[in-house]
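Welcome, and please open your viewer. We will go through a few selections together, one stop at a time.

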Amino acid sequence: MSVGHRANDSFLGLFIVELGGAESLIGMAWFVGVVSEAVVFFLSYLWFRRFHPLFFILIAGLLYAFRWFMMAGMDDPSHVLWLQVLHGITFGGMYFSALQYISKLVPEELQATGHLLFITTFFGLSGVIGSLGGGWMMEHYGGEGLYTLLGVFAVTGVLFLFIYSLRLKIALRET
């Protein structure tokens with residue numbers, strides 16, 4: 001899921017231009033995404049009272065898939081703005097939930113290291129893979145091909161995370 005997110009970070013502007021959008025639309029798209037992200041981060045403390053962080057990562061992954069598949073079928077660049085509202089829910093939900101989950105998994109004395117490894121993987125390694133692979137996809141298959149592949153990545157991530165969460169539940173019941 002993070003590879004798709006980082007590829008979108010790198011190629012959203014090119015995709016808008018590919019669809020015929022003005023460069024000013026790129027700035028508006030990022031503005032909408034960041035504002036929705038801020039709202040999600042502001043309200044996120046309310047969520048974790050009732051549900052496990054993995055639940056929110058799964059929801060974010062499903063919304064990532066929906067967002068990427070919708071973008072793959074897009075032909076009007078102004079519609080990107082509407083999907084950017086999901087940026088806050090997808091990125092904000094996944095990022096905050098992942099940090100919460102790491103805090104539950106890692107012993108207190110190693111939490112800084114756990115968070116650092118997550119951030120390095122999310123922004124570093126995923127950024128490299130997303131930029132290299134996304135650039136190749138954009139060059140050979142355009143935005144439609146890129147966002148279709150990102151949707152497939154998101155669905156795959158959700159499936160693996162769902163299997164992991166089921167195995168985790170089974171393991172907890174056995175102990």
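Axes here are lines fitted to C-alpha atoms, for helices over the stretch in contact, and angles run from 0 to 180 degrees between N-to-C directions. Helices (H or I, at least four residues) and strands (E, at least two) are DSSP runs, numbered from the N terminus. This is a predicted model, in which local features need pLDDT of at least 70 and side-chain atom pairs count only at pLDDT 80 or more, while totals for chains, interfaces and linings use all residues. Residues are numbered from 1 along each chain as its sequence is written, and side-chain values use heavy atoms, with hydrogens and water left out.

**First stop: α2 and α4**

Select residues 23-43 (helix α2) and 79-105 (helix α4): their axes are 7 Å apart, and the two pack at an angle of about 40°. α2 and α4 are therefore oblique to each other; angles under 35 degrees count as roughly parallel, over 145 as roughly antiparallel, 65 to 115 as roughly perpendicular and the rest as oblique. Their crossing is right-handed, meaning that the near helix is turned clockwise from the far one by less than a right angle. Now show side chains: the contact (heavy atoms within 4.5 Å) includes Leu-25, Trp-30 and Phe-41 of α2, and Val-80, Gly-92 and Phe-96 of α4.

**Next: bring in α1**

The axes of α1 and α4 cross at roughly 160° and come within 12 Å. That makes α1 roughly antiparallel to α4. This crossing is left-handed. To see where they meet, pick Ser-2, His-5, Asn-8, Leu-12, Phe-15 and Ile-16 in α1 with Val-80, Gln-84, His-87, Phe-91 and Met-94 in α4.

**Into the core**

Which residues touch the most other members of the largest nonpolar core? Select Met-71, Val-80 and Tyr-147, out of 41 residues in that core. A nonpolar core is a set of buried (under 20% relative accessible area) Ala, Val, Leu, Ile, Met, Phe, Trp, Tyr and Cys residues joined through side-chain atoms within 4.5 Å. Centre on Tyr-147: leaving aside neighbours within four places in sequence, its contacts include Phe-11, Phe-15, Trp-68 and Met-71.

**Last stop: Glu-174**

Finally, pick Glu-174 in helix α5. Is Glu-174 buried or exposed? Glu-174 is exposed (over 50%), with a relative accessible area of 66%.

Terms used. Buried means under 20% relative accessible area, exposed over 50%, partly exposed in between (1.4 Å probe, protein chains only).
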